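These are my notebook entries on one model. I record what I looked up, entry by entry.

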Amino acid sequence: MRVIVNGEQRDIAASHVDTLLSELDYEGTHFAIAVNYDVVPKSRWAATALNAGDEIEIITPRQGG
């Protein structure tokens, strides 16, 4: 299905947030995920279904100074 991930249209096979992270090779748990501008708590990643046209933001922490 086609979704938008971090501003880019992508065709994905994943049907839930947790499987999307695996499909896109994100490792670890230090991410903030928003689906259609709603932040999804980590405890809900496996239960949050994705639909065609969803806008997904994957935010990773950065260090800087």
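**Entry 1: salt bridge**

I looked up charged side chains and found that D11 and R2 meet in a salt bridge, 3.0 Å from N to O. The term requires a side-chain nitrogen of Lys or Arg within 4 Å of a carboxyl oxygen of Asp or Glu. A search of the whole structure returns 1 salt bridge. I then checked accessibility, where buried means under 20% relative accessible area, exposed over 50% and partly exposed in between (1.4 Å probe, protein chains only). D11 counts as exposed because its relative accessibility is 55%, whereas R2, at 45%, is partly exposed.

**Basis of the entries**

The model is predicted, so local features need pLDDT of at least 70 and side-chain atom pairs count only at pLDDT 80 or more, while totals for chains, interfaces and linings use all residues. Residues are numbered from 1 along each chain as its sequence is written, and side-chain values use heavy atoms, with hydrogens and water left out.

I traced an open sheet of 5 strands in the order 2-1-5-3-4, with mixed pairing. Which strands stand at the edges? They are strand 2 (8–11) and strand 4 (38–40); each has a single partner strand, so one side of each is left without a neighbour in the sheet. Neighbouring strands are turned by 35° against each other on average, direction ignored. For that angle, axes are lines fitted to C-alpha atoms, for helices over the stretch in contact, and angles run from 0 to 180 degrees between N-to-C directions.

Strands (E, at least two residues) and helices (H or I, at least four) are DSSP runs, numbered from the N terminus; two strands pair if DSSP finds at least two bridges between them. Strand 1 (residues 2–5) and strand 5 (residues 55–59) run parallel and are joined by 2 bridges. I noted that I4 has E55 as its bridge partner in strand 5.

**Entry 2: V35**

I located V35 in strand 3 (residues 32–35). V35 is buried, at 9% relative accessibility. Leaving out residues up to four places away in sequence, V35 touches V17, V40, L50, D54, E55 and I56, contact being heavy atoms within 4.5 Å. I12 lies 23 residues from V35 in sequence and 15 Å away in space, C-alpha to C-alpha.

**Entry 3: aromatic rings**

I found 1 aromatic pair in the structure. Y26 and F31 are edge-to-face, at 5.2 Å centre to centre with 90° between the planes. Rings of Phe, Tyr and Trp (its six-membered ring) pair if their centres lie within 6.5 Å; planes under 30 degrees apart count as stacked, over 60 as edge-to-face and the rest as tilted. F31 is buried at 16%, while Y26 is partly exposed at 27%.
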